[in-house]
Structures are given as structure tokens and as C-alpha cells.
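User: Could you walk me through this structure in a few questions and answers? I'd like the cut-offs spelled out as we go.

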Amino acid sequence: RSTRNPIGLKAVYADETEKQAASQVSIQSDFSSYDWRKQWYAVGYAENIPGGKKPTAIFIFDEPMVLYRDSDGEIQCLKDLCPHRAAKLSEGQVFDGKLECLYHGWQFTGSGECVRIPHLQDGAKIPAAACVKQYPVTVREGIVYVFPGSK
């Protein structure tokens, strides 16, 4: 036996008891409150994320992100926006496993921490606001997944 639920999907039941049990479950047909960012999204194949100096720009929900490989060959994902002058980090380069902004040479680790600002004096502290948002990344079966939501 089958029937249609409120969102138009066809449900198949083994017997009448199962159908009755399912009818008691409220199916939400309004997905406006669902947080689509709290999901892992496939963004490409790991083999297509180059090592070396060139980062890769991607978008999830119109949010610019940048993928690159650190010095261990691990894929990292940061927001594609330098906190200094809003330049695209994807137009920069990877230098010693860190992502370097093309504009003024600020360097970021895979955690989003700024570890180098060329014009700062030796020993000067890097401001905490110089960080970039980091997104969790995992690779499964050769596919790269990014989690754009908060943890």
C-alpha cells in the first residue's frame, strides 16, 4: 500500500499497522526553519585540489571559500576574504604551507590564524581580529566535504 505525504513524496508501508504508526508522526512541510548550513557538502575530488602554490576558490550558498593544501598535504578551507583589505585569498599563493594574501602578504594557517604580517615590527603582536574564518574539511572516498555551518 502507498500514500502521499504532505511534501509530495510517495511512502510505502508493509502493512496497515505501519501505515497507522506513520500517520501519527507529524511531517514538517515547511523547510524555512531548516538550517541548510549544518550539513557536509561535497565540493570536489581530492585529486583535483592541487598541491603547490595555487589555492582553489569555491562557493557554498554564495559564501566564498578557498581550499588549499598545507605543508602536510592536508586540505584546508578558509573564508575567501583577507581581513586586512578584503582581497580574495584564492588569488594569493601557498607559501610554506600557509595561505598568503596577494595584496599585502599576510599569511594564514589552516585554522585561520594570521601568523605573518610583513609590515609589523619584529616581536609585535598580531591582532586577534586578523584571523580568517576556518571551515571543517574531511575527505571520504576521495571526495572533499566542507561544513559551512557553526559547529
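Analyst: Happy to! At 41% relative accessibility, Cys131 counts as partly exposed, a class between buried (under 20% relative accessible area) and exposed (over 50%), using a 1.4 Å probe and protein chains only. The model is predicted, so local features need pLDDT of at least 70 and side-chain atom pairs count only at pLDDT 80 or more, while totals for chains, interfaces and linings use all residues. Residues are numbered from 1 along each chain as its sequence is written, and side-chain values use heavy atoms, with hydrogens and water left out.

User: How many disulfides does the count come to?

Analyst: A disulfide is a pair of cysteine sulfur atoms within 2.5 Å. For Cys131, the nearest cysteine sulfur is that of Cys114, 7.4 Å away, and Cys131 is in no disulfide. By this rule, the count comes to zero.

User: Is Cys77 buried or exposed?

Analyst: Cys77 has a relative accessible area of 0%. Buried means under 20%, so Cys77 is classed as buried.

User: Which elements does the chain have, and in what order do they run?

Analyst: Helices (H or I, at least four residues) and strands (E, at least two) are DSSP runs, numbered from the N terminus. The chain has one helix and twelve strands. From the N terminus on, the order is β-β-α-β-β-β-β-β-β-β-β-β-β.

User: With which side chain does the side chain of Ser90 make a polar contact?

Analyst: Ser90 sits in the loop between β6 (75-79) and β7 (93-95), and is buried at 6% relative accessible area. A polar contact is a pair of N or O atoms within 3.5 Å; within protein, one must be able to donate a hydrogen and the other to accept it, and residues adjacent in sequence count only if both atoms are side-chain atoms. At 2.7 Å, the partner of the Ser90 side chain is the side chain of Asp80.
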